[in-house]
Amino acid sequence: MDAGLESRLDQLTRRHGELGEALSASGISGAEFIKLSKEYSELSPIVDTIAALRRTQAEMEAASEMAGSADDPEMKAMAEEELQTLRERLPELEMRVRMSLVPKDADDERNAILEVRAGTGGEEAALFAAELFRMYQRYAVLKNWKFELLDLSETGIGGFKEASASIIGRGVFARLKFESGVHRVQRVPETEASGRIHTSAATVAVLPEAEEVDIAIEDKDLRIDVYRSSGPGGQSVNTTDSAVRITHLPTGLVVIQQDEKSQHKNKAKALKVLRARLYEAQRQALAATRAADRKSQVGSGDRSERVRTYNFPQGRVTDHRINLTLYKIDKVLSGEALDEIVDALTQADTAERLAAAAE
């Protein structure tokens with residue numbers, strides 16, 4: 001390992017020790033204690049990995065010295081064997097240390113808002129949007145996440161013009177954040193008499209769910225309109241003003257909620273979506289500033305970026321950002337094989353950030 005990295009590891013170890021001493025001192029205020037505790041807990045696993053690396057390096061040095069100075073052939077052989085074992089372990093520990101230094105996405109542990117919309121392709125695009133939405137719903141079930149429908153606009157024959165859901169669970173955003181973008185489908189529609197393959201698309205947006213402390217929304221910045229719902233929802237759907245449309249005046253963002261029969265519940269859901277969209281806009285602006293001259297291998301997460309193609313005649317799914325192709329389209333759409341794509345995207349992103357950190 002280079003001298004610069006070794007110096008960085010020494011700094012982190014020292015800082016961890018200083019934090020430990022500060023936390024055990026008397027007279028520390030509650031707010032300061034919380035702040036230092038957070039930093040200490042974040043550094044602890046990194047320092048543990050550094051300690052394991054340093055122990056291995058010290059053991060290698062001792063084994064090497066013994067192998068070079070031992071007179072007893074059996075002792076010499078044992079030392080050389082141990083040295084070889086330690087040499088094989090060292091690269092993995094060095095990689096773990098480097099990986100621990102890669103900046104984490106602060107939003108990875110957040111819940112997420114999922115939005116799926118039909119794109120180009122008419123009814124076929126709406127049918128595909130419905131399939132994608134159900135794919136994420138099944139995936140959430142497999143992950144033991146809570147999948148709560150926020151809004152749904154159907155076409156009448158099984159397609160979705162747009163649909164949104166709140167997904168709650170551990171590490172939801174970390175697993176789904178690379179799904180944002182244009183998803184393309186290639187297949188022969190059931191209505192196509194000539195058997196010609198059509199290409200349609202749907203857009204997916206995965207937004208980290210924001211807390212009230214993250215995004216302050218003032219009442220004066222909102223225009224709230226209520227009206228009668230126009231979709232499925234039972235007898236009361238056209239007799240009460242339960243649907244809510246919230247316009248965020250500074251940005252022009254509009255959120256409509258009419259899935260619930262209660263105006264209060266629709267307003268709460270609309271504010272949740274609005275807060276997530278505003279927070280995502282901040283994230284994207286910050287990411288653009290940080291990486292003005294650099295584009296991540298797995299993409300920006302922009303909804304206009306084509307990320308994946310689902311080719312039914314060939315039974316394949318291709319993620320264009322990492323050139324990954326799986327010939328198991330049914331298992332991907334059932335949610336079973338989605339982890340294979342998510343894992344590959346996560347690894348590519350980690351490699352990209354690792355390379356950036358080393359520059």
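Modeller: Residues are numbered from 1 along each chain as its sequence is written. In this predicted model local features need pLDDT of at least 70, side-chain atom pairs count only at pLDDT 80 or more, and totals for chains, interfaces and linings use all residues, while side-chain values use heavy atoms, without hydrogens and water.

Biologist: Why is α1 called oblique to α2?

Modeller: Helix α1 (residues 3-24) and helix α2 (residues 30-69) pack at an angle of about 135°, with axes 8 Å apart. Angles under 35 degrees count as roughly parallel, over 145 as roughly antiparallel, 65 to 115 as roughly perpendicular and the rest as oblique, so α1 is oblique to α2.

Biologist: What is the handedness of the crossing of α1 and α2?

Modeller: The crossing is left-handed; that word applies if the near helix is turned anticlockwise from the far one by less than a right angle.

Biologist: What is the span of α2 set against?

Modeller: The expected span is 1.5 Å times one less than the number of residues. With 40 residues, α2 reaches 56 Å from its first C-alpha to its last, close to the 58 Å expected.

Biologist: Where does α2 bend?

Modeller: α2 bends by about 35° at serine 44, and proline 45 follows within four residues. The bend is the angle between axes fitted to the seven residues ending there and the seven starting there.

Biologist: What makes β10 and β11 a pair?

Modeller: Two strands pair if DSSP finds at least two bridges between them. Three bridges join β10 (residues 316-319) to β11, and the strands run antiparallel.

Note on methods. Axes are lines fitted to C-alpha atoms, for helices over the stretch in contact, and angles run from 0 to 180 degrees between N-to-C directions. Helices (H or I, at least four residues) and strands (E, at least two) are DSSP runs, numbered from the N terminus.
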